[in-house]
Amino acid sequence: MEKLKAIRGGHRSAVTRLINRTKERISQEDIGHEELSAAADNLTKKRNLLESLDSQILDGTELEDMEQEILDADDYAMNMEVVIRRFKDIVSGNKTTPFQQTVSETTYVPIANTLDSSNFPSTSIANHNSNHSENVFTVDNNSVYTNANPTTATNFYHKLPKLDLPNFTGDILTWQTFWESFETTIHHNPSLTNIQKFSYLKSQVHSEAAQCISGLSLSNANYEHAIILLKERYGQTQTIINAYMQNLLELTHPSLTPQSIRAFYDKMESCIRGLESLGQSQDTFGSLLVPIIFGKLPDEMRKLMTREHGKKNWDIRSLREAIGKEMHVQETGFSNQSDNFTPTASFYTAAKPKSYSRPQSGNYQTKPKTCIYCKQSHSSLECTTVVDREKRFSIIKQKKVCYNCFGSHKVSECRSRFRCRKCDKKHHTSLCDSNKNQEKESDNRYIAKLPWKEDFPELPSNYNITKRRTLSLINRLSREPEMMKVYGDIIADQEKRGFVEKVQDENAGEKIHYIPHHAVKKDSPTTPIRIVYDCSCRESSDKPSLNDCLMSVPPQMNELTGIIARFRLHQYAATTDIEKAFLQIELDEKDRDVTRFFWLSEPADPTSQLITYRFRVVLFGTTCSPFILNATLLKHLNNNSSITANMLKKDLYVDNVLSSFQTEESMMTFYKESRELLSKGGFNLRSWTSNNVKLRQVAATENSLDKSKSVKILDQLTRGTSAEKFVQNKLWMHGPEWITNEHQWPSWHGNMTTTSLIVNEEDEEPVASLVLPAQTENTGARQTERHFLVYLPMRFAIQC
């Protein structure tokens with residue numbers, strides 16, 4: 001390639017020298033018509049030779065540089081043609097209008113139309129700011145001729161504008177659009193040679209389509225072969241019809257949201273219009289599609305459409321109109337009222353809801369998201385078709401769009417204020433390194449890699465400080481043998497369950513780091529302590545900790561207020577959580593040695609030798625643990641897309657799920673499907689509780705019921721109760737009898753007792769304390785009743 005460019009540069013220098021010498025002889029009036037004609041003929045031969053070299057160089061040019069190479073070659077060829085014609089005009093005695101030719105990029109010399117030396121083109125070497133430095137010259141685009149054929153040169157050789165053509169990747173459904181655009185703009189353009197058309201074609205086809213013609217070298221003859229190959233593979237009418245029909249049959253079931261219905265409707269309309277453009281009438285395929293499309297719609301949407309349509313049979317036209325109308329209703333914020341009225345908190349309290357304004361329906365339009373990687377109707381961030389980061393980068397590079405906002409400019413010119421939501425760097429979130437941190441293992445557990453910072457400082461081993469702090473911990477625990485036993489039992493249980501493992505070779509490992517740990521007491525009869533691992537421990541003030549070397553990426557958490565609002569929306573409520581969520585994600589083998597810690601070889605003997613363990617799973621203590629859990633759960637739910645998965649994504653907060661349902665049937669379906677769905681990723685939904693008896697019974701039989709005696713759903717006993725029943729409820733409206741009977745009030749003797757208020761038995765510490773009389777005249781049930789009456793409002797206030 002470099003040799004060819006050097007040869008071309010030599011010939012261009014020869015052209016420049018010939019033009020300058022001829023100009024000089026003209027200025028000295030020392031040249032005859034025969035010599036001037038010979039110079040023109042010589043330039044013509046040079047032009048033909050340079051065109052051949054241009055073609056060879058174009059064969060080896062990278063796609064991103066191809067357009068500029070074509071434009072540069074065309075400019076040079078056009079300028080040569082202008083000079084050749086000028087020489088011939090002078091020989092024939094024709095007069096020409098003044099023109100300009102650049103001596104440098106900023107200096108212009110006016111030229112007259114006679115043989116006077118000051119009036120002939122002054123041509124010299126000019127360096128072009130391109131990827132290569134070759135001798136070029138340009139002529140003003142406004143140059144015209146007064147000879148018999150005044151526009152010949154400017155019509156055949158001209159600078160092409162930048163064309164914004166659609167790309168084609170091998171998707172047969174986009175072939176028609178691509179070919180009609182390319183055919184009109186390039187294929188039937190008489191000013192382009194076949195090799196130029198082939199260059200444009202190669203720059204617009206990618207992926208599978210590019211492989212189809214990859215074996216053809218860039219030449220005039222091969223352009224026609226390339227078109228034939230592409231048409232044979234992608235342009236067969238019946239094949240395109242079959243693809244449209246298959247796409248209609250495989251339409252995904254939309255949810256009852258404006259975005260989902262819009263995506264469903266747009267894809268359906270695109271396929272039907274595509275069939276019509278191929279001469280297929282709705283009457284020929286409509287009867288087949290009606291039951292299929294109608295069956296994919298949400299139940300509630302089918303009911304509304306049927307109620308309005310009546311008993312008439314559906315045809316494809318009326319079904320399309322009905323779906324479009326329902327989509328418009330959803331997008332403009334109005335919906336048909338169902339027969340069942342669900343009262344809200346505003347209804348019970350007579351509070352006026354906050355009003356908000358919505359754009360007028362004529363101006364309000366929801367634009368469906370289209371994935372840049374697979375062109376399906378979803379966000380690029382949620383793409384499950386193209387998940388490999390390198391493939392995503394390849395697609396972005398082929399499309400020549402910005403890595404940050406996917407706009408048609410370079411990332412260095414991007415003015416978007418948005419950055420990656422995971423690392424805050426200037427690239428799209430779907431291209432972040434963090435997306436590579438989750439992989440699936442054969443036993444249905446996910447494996448996570450730690451998200452190391454770029455150019456993170458060298459991580460010290462922390463061996464000495466960790467050993468010193470571990471010995472100090474053992475010394476403290478040895479004074480409480482029961483605590484020592486519990487501590488040792490916890491580590492033994494973690495090893496038994498595969499959460500930690502003994503290190504066999506302490507010298508093996510690319511990065512080795514030790515983490516100290518300590519006990520935190522809990523107010524719980526089952527687990528009085530828990531072990532906390534200090535990943536922020538530094539060997540010295542100038543050395544980093546493990547957390548210092550890891551990216552602190554915030555998880556994509558749902559808004560808690562939204563979760564609470566949705567949880568209060570329907571009659572049936574249920575809560576659950578993921579059992580030991582962090583410990584269900586395995587840690588990549590290469591990262592395990594930075595999670596080493598010491599413990600006794602014989603826990604019952606404080607003087608026994610220390611041995612080394614390391615974590616096999618993600619430990620709760622690293623700064624990135626919440627992000628890894630959140631990213632893994634979202635990836636699992638995206639990979640197993642369904643109505644239940646979408647609901648889990650909306651109602652998930654860290655490892656807890658709070659949901660409400662309109663019917664008992666939908667709640668039981670959610671219970672079954674959510675447990676099955678998460679179990680595929682190695683997660684277990686446990687501690688279910690609900691205001692529904694059936695769910696509690698089923699959960700009890702499957703050992704997934706929350707066994708805590710405290711009430712976690714404040715209104716689970718009153719959920720769904722009508723306003724009339726609330727008014728009729730004497731206890732609710734007036735309180736217990738002892739409140740209005742001062743003889744039943746507790747007597748005060750000056751002694752007080754402090755009772756802990758624990759919202760959850762698993763909490764480490766009480767969230768509040770109640771100061772109550774130590775002795776009262778009324779004990780037993782009434783004392784419990786009064787305690788509970790104070791407990792519920794306080795707990796409600798604390799939680800909200």
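**Exercise 1. In which loop does Phe406 lie?**

Solution. Work on the predicted model.
- Step 1: Phe406 sits in the loop between α15 (389-399) and β5 (438-440).
- Step 2: check accessibility. Buried means under 20% relative accessible area. Phe406 has 18% relative accessibility, so it counts as buried.
- Step 3: check the backbone. Phi of Phe406 is near 65°, a positive value in a residue other than glycine. Most residues other than glycine have a negative phi.

**Exercise 2. Describe Ser687 by element, phi and burial.**

Solution. 
- Step 1: Ser687 belongs to strand β16.
- Step 2: its phi is positive, about 55°, although Ser687 is not a glycine.
- Step 3: the relative accessible area of Ser687 is 14%, and the residue is buried.

**Exercise 3. Trace the open sheet of four strands that contains β16.**

Solution. 
- Step 1: read the order. The strands run β14-β15-β10-β16, and the pairing is antiparallel.
- Step 2: find the edges. β14 (652-653) and β16 (685-690) each have a single partner strand, so one side of each lacks a neighbour in the sheet.
- Step 3: look at one pair. Strand β10 (residues 572-578) and β16 run antiparallel and are joined by four bridges. Within β16, Ser690 stands opposite Ala574.

**Exercise 4. Why is strand β13 largely enclosed by the rest of the structure?**

Solution. 
- Step 1: Five of the six residues of β13 (residues 610-615) are buried, so the strand is largely enclosed.
- Step 2: examine the β7 side. Three bridges link strand β7 (residues 500-502) to β13, and the two run antiparallel. Val500 stands opposite Phe615. Glu501 has Arg614 as its bridge partner.
- Step 3: examine the β12 side. Here five bridges join strand β12 (residues 596-600) to β13, again antiparallel. Trp599 faces Ile611 as its opposite residue in β13.
- Step 4: recall the general rule. Strands of a sheet pair through backbone hydrogen bonds.

**Exercise 5. Is Asn547 buried or exposed, and which residues does Asn547 contact beyond its neighbours within four places in sequence?**

Solution. 
- Step 1: locate the residue. Asn547 is in the loop between β9 (529-533) and α18 (560-567).
- Step 2: judge accessibility. With a relative accessible area of 12%, Asn547 is buried.
- Step 3: list the contacts. Leaving aside neighbours within four places in sequence, Asn547 is in contact with Cys535, Ser536, Gly621, Thr622 and Thr623.
- Step 4: The Asn547 side chain reaches the backbone nitrogen of Thr623 at 2.8 Å.

Technical notes. Residues are numbered from 1 along each chain as its sequence is written. This is a predicted model: local features need pLDDT of at least 70, side-chain atom pairs count only at pLDDT 80 or more; totals for chains, interfaces and linings use all residues. Side-chain values use heavy atoms; hydrogens and water are left out. Buried means under 20% relative accessible area, exposed over 50%, partly exposed in between (1.4 Å probe, protein chains only). Two strands pair if DSSP finds at least two bridges between them. A polar contact is a pair of N or O atoms within 3.5 Å; within protein, one must be able to donate a hydrogen and the other to accept it, and residues adjacent in sequence count only if both atoms are side-chain atoms. Contact means heavy atoms within 4.5 Å.
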